[in-house]
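The notes below go through one structure point by point. Please read them with the model open.

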Amino acid sequence: MRFLDLVKRRRSVRRYAPAAVSRAAIDRCLEAARLAPSACNAQPWSFVVVDQPGRAAEIARSVFGGVYSMNRFAGDAPVLIAAVTGRSTPAARLGGLFRNTRYPLIDIGIACEHLALQAAEEGLGTCWIGAFYEAQVKQILGIPEEARVVLLLTLGHPSEPLVPAASSLKKRKKLEDIVCREKWS
């Protein structure tokens, strides 16, 4: 598959078939994340994979209540992955101070998109979720206090096939609306 076709195929999936995802497919997605670039090669990520039947639904009941209830759909996914970042390398932290940039967040974003694109190649769907009760996620998954759960990813077989998105399904700005050439205009 050509890369742009793969990018067009990837979309946020919020409805999943009940079928389990093979460990081999999950591991290929994680391998894609592992190979992502990072500032100063810090690789400031860890992933906690939840794939026992019914476990994602159990977690969803605890971490997607109240103001985050719109993300309860995550409980229908057969796999839930917590993307966790800890301390970065001294060089990446120093560079981040000079640039006022939190490189670990950028790095984990790149890694998670690698994961999502590999999932799309596998015919699987994902959805990035940034709104959840982090303290409950940490408690349930045994993640240390000093670590940060940056986001949760759902992973599973979509209830509808992934197809290249029609313009009405995946609305994006036109290229000429987001690109300047030679100087800001």
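This is a predicted model: local features need pLDDT of at least 70, side-chain atom pairs count only at pLDDT 80 or more; totals for chains, interfaces and linings use all residues.

1. In strand E2, Val84 is the bridge partner of Ser46. E1 and E2, the latter covering residues 79-85, are joined in the antiparallel sense by six bridges.

2. Helix H3 (residues 55-63) packs on the sheet and touches E1, E2 and strand E4 (148-156). The direction of H3 makes about 115 degrees with that of E1. Helix H6 (residues 134-141) also packs on the sheet, with contacts to E1, E2 and E4; its direction makes about 75 degrees with that of E4.

3. On the sheet as a whole: it is open, has four strands in the order E1-E2-E4-E3, and pairs them antiparallel. Strand E1 (45-50) and strand E3 (125-129) each have a single partner strand and stand at the edges, so one side of each is left without a neighbour in the sheet. On average, neighbouring strands are turned by 25 degrees against each other, direction ignored.

4. The remaining pairings are as follows. E2 and E4 run antiparallel and are joined by seven bridges. Val84, already named as the partner of Ser46, stands opposite Val149 in E4. E3 pairs with E4 over five bridges, again in the antiparallel sense, and Gly125 has Gly156 of E4 as its bridge partner.

5. Is E4 mostly covered or mostly open? E4 is mostly covered, with eight of its nine residues buried.

6. Ala83 is worth a look within strand E2. Its relative accessibility is 0%, and Ala83 therefore counts as buried, the limit being under 20%. Beyond its neighbours within four places in sequence, Ala83 is in contact with Ser46, Phe47, Ile108, Cys112, Arg148, Val149, Val150 and Leu151. Ala83 and Ala147 are 64 residues apart in sequence, and their C-alpha atoms are 10 Å apart in space.

7. On the H3 side the contact is made by Arg55, Ile59, Ser62 and Val63; on the H6 side, by Gln136, Val137, Ile140 and Leu141. Five residues of this contact are nonpolar, two are polar and one is charged.

8. How many aromatic pairs does a search of the whole structure find? The search finds one. The pair consists of Tyr68 and Tyr133 and is edge-to-face, at 4.6 Å centre to centre and 70 degrees between the planes. Tyr68 lies in the loop between H3 and E2, and Tyr133 in the loop between E3 and H6, so the pair ties together parts that are 65 residues apart in sequence.

9. For Tyr68 the relative accessible area is 24%, so Tyr68 falls in the partly exposed class. Tyr133, with a relative accessible area of 29%, is partly exposed as well.

Key. Residues are numbered from 1 along each chain as its sequence is written. Side-chain values use heavy atoms; hydrogens and water are left out. Two strands pair if DSSP finds at least two bridges between them. Helices (H or I, at least four residues) and strands (E, at least two) are DSSP runs, numbered from the N terminus. Axes are lines fitted to C-alpha atoms, for helices over the stretch in contact, and angles run from 0 to 180 degrees between N-to-C directions. Contact means heavy atoms within 4.5 Å. Rings of Phe, Tyr and Trp (its six-membered ring) pair if their centres lie within 6.5 Å; planes under 30 degrees apart count as stacked, over 60 as edge-to-face and the rest as tilted. Buried means under 20% relative accessible area, exposed over 50%, partly exposed in between (1.4 Å probe, protein chains only). Ala, Val, Leu, Ile, Met, Phe, Trp, Tyr, Cys and Pro count as nonpolar, Asp, Glu, Lys and Arg as charged, and the others, Gly among them, as polar.
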